[in-house]
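Please look through the sequence and the 3D structure shown below before reading on. The report then takes up ring pairs, the sheet, the core and the salt bridges in turn.

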Amino acid sequence: MIDLQLTRFQSDLTTKKADDKRWIYDPFRKKWLVLLPEELVRQLFLQYLIQEKKYNKNFIGIEQQLTVNTLQKRCDILVYDPEINPWLIVECKAPRVKIDDKVLHQIITYNMELQVQYLVLTNGIQTFCGSIDYKAGTYNFLPALPSFPI
């Protein structure tokens with residue numbers, strides 16, 4: 001497990017209250033979204049990727065649509081490498097959702113289509129990152145997220 005302390009990025013988020021709801025601004029999609037726990041985790045994690053890990057925001061897709069066994073799915077965060085190949089998937093969950101085999105299965109299902117090198121699971125409290133070696137057929141947990149490829 002990786003402790004990212006995502007709440008330290010809370011002051012970098014823009015929120016408002018309107019229509020008896022709390023809203024959060026998504027600078028990637030350039031729109032206001034209802035502030036749900038999973039969305040808060042996603043926005044905090046995006047700040048971590050940009051500020052801490054120095055990922056290039058132009059290579060990050062949010063809720064990217066993909067087809068898995070004829071079903072339309074959306075992955076929370078998809079990072080592309082400089083050649084615009086899918087490179088890392090992030091699955092975000094609300095803090096109350098335990099990161100378990102069900103969540104791991106969900107991201108593995110998305111990866112059947114994408115074939116990325118890195119998988120990340122987070123609920124804002126617990127974060128796990130793993131690397132896939134397709135040739136060796138192995139998956140290894142990592143102590144930190146990888147640096148953005150240059």
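## Aromatic rings

Rings of Phe, Tyr and Trp (for Trp, its six-membered ring) are said to pair if their centres lie within 6.5 Å, and the planes count as stacked when under 30 degrees apart, as edge-to-face when over 60, and as tilted for the rest. This is a predicted model, in which local features need pLDDT of at least 70 and side-chain atom pairs count only at pLDDT 80 or more, whereas totals for chains, interfaces and linings use all residues. Residues are numbered from 1 along each chain as its sequence is written, and side-chain values use heavy atoms, with hydrogens and water left out.

By the ring rule, the count comes to ten aromatic pairs. One of them is formed by Y55 and W87, a tilted pair with 5.8 Å from centre to centre and 55° between the planes. This pair links distant parts of the chain, since Y55 lies in the loop between α1 and β4 and W87 in strand β6, 32 residues apart; helices (H or I, at least four residues) and strands (E, at least two) are DSSP runs, numbered from the N terminus. Y55 is buried, with a relative accessible area of 3%, and W87 is buried as well, at 7%, where buried means under 20% relative accessible area, exposed means over 50%, and partly exposed lies in between (1.4 Å probe, protein chains only). Another pair, between Y139 and F141, is edge-to-face, with 5.3 Å from centre to centre and 85° between the planes; here Y139 is partly exposed at 31% relative accessibility, while F141 is exposed at 54%. Ring pairs also link Y55, F59, W87, Y118 and F148 into a cluster.

## A sheet and the helix on it

Strand β2 (residues 21-26) pairs with β1 in the antiparallel sense over four bridges, and K17 stands opposite R22 in β2.

## The nonpolar core

A nonpolar core is a set of buried Ala, Val, Leu, Ile, Met, Phe, Trp, Tyr and Cys residues joined through side-chain atoms within 4.5 Å. The largest such core has 43 residues, of which F45, L49, Y55, I77, V79, I89 and L145 touch the most other members. The elements that give two or more residues to this core include α1, β4 (60-68), β5 (71-80) and α2 (101-114), and α1 gives the most, with six residues. If residues up to four places away in sequence are not counted, L49 touches K54, Y55, I60, I77, V79 and L145.

## Salt bridges around R29

The structure holds eight salt bridges, each a side-chain nitrogen of Lys or Arg within 4 Å of a carboxyl oxygen of Asp or Glu. Which residue forms a salt bridge with D26? The partner is R29, with the closest N and O atoms 2.5 Å apart; D26 is buried at 0% relative accessibility, whereas R29 is partly exposed, with a relative accessible area of 23%.

The side chains of E39 and R29 also meet in a salt bridge (3.2 Å, N to O). Because E39 lies in helix α1 and R29 in the loop between β2 and β3, this pair ties together parts that are ten residues apart in sequence, and E39 counts as buried at 7% relative accessibility. E63 forms a salt bridge with R29 too, the closest N and O atoms being 3.5 Å apart. That pair links distant parts of the chain, with E63 in strand β4 and R29 in the loop between β2 and β3, 34 residues apart; E63 is partly exposed, with a relative accessible area of 27%. Through shared partners, salt bridges join D26, R29, E39, R42, E63 and D76 into one network.

Note on methods. Two strands pair if DSSP finds at least two bridges between them. Contact means heavy atoms within 4.5 Å.
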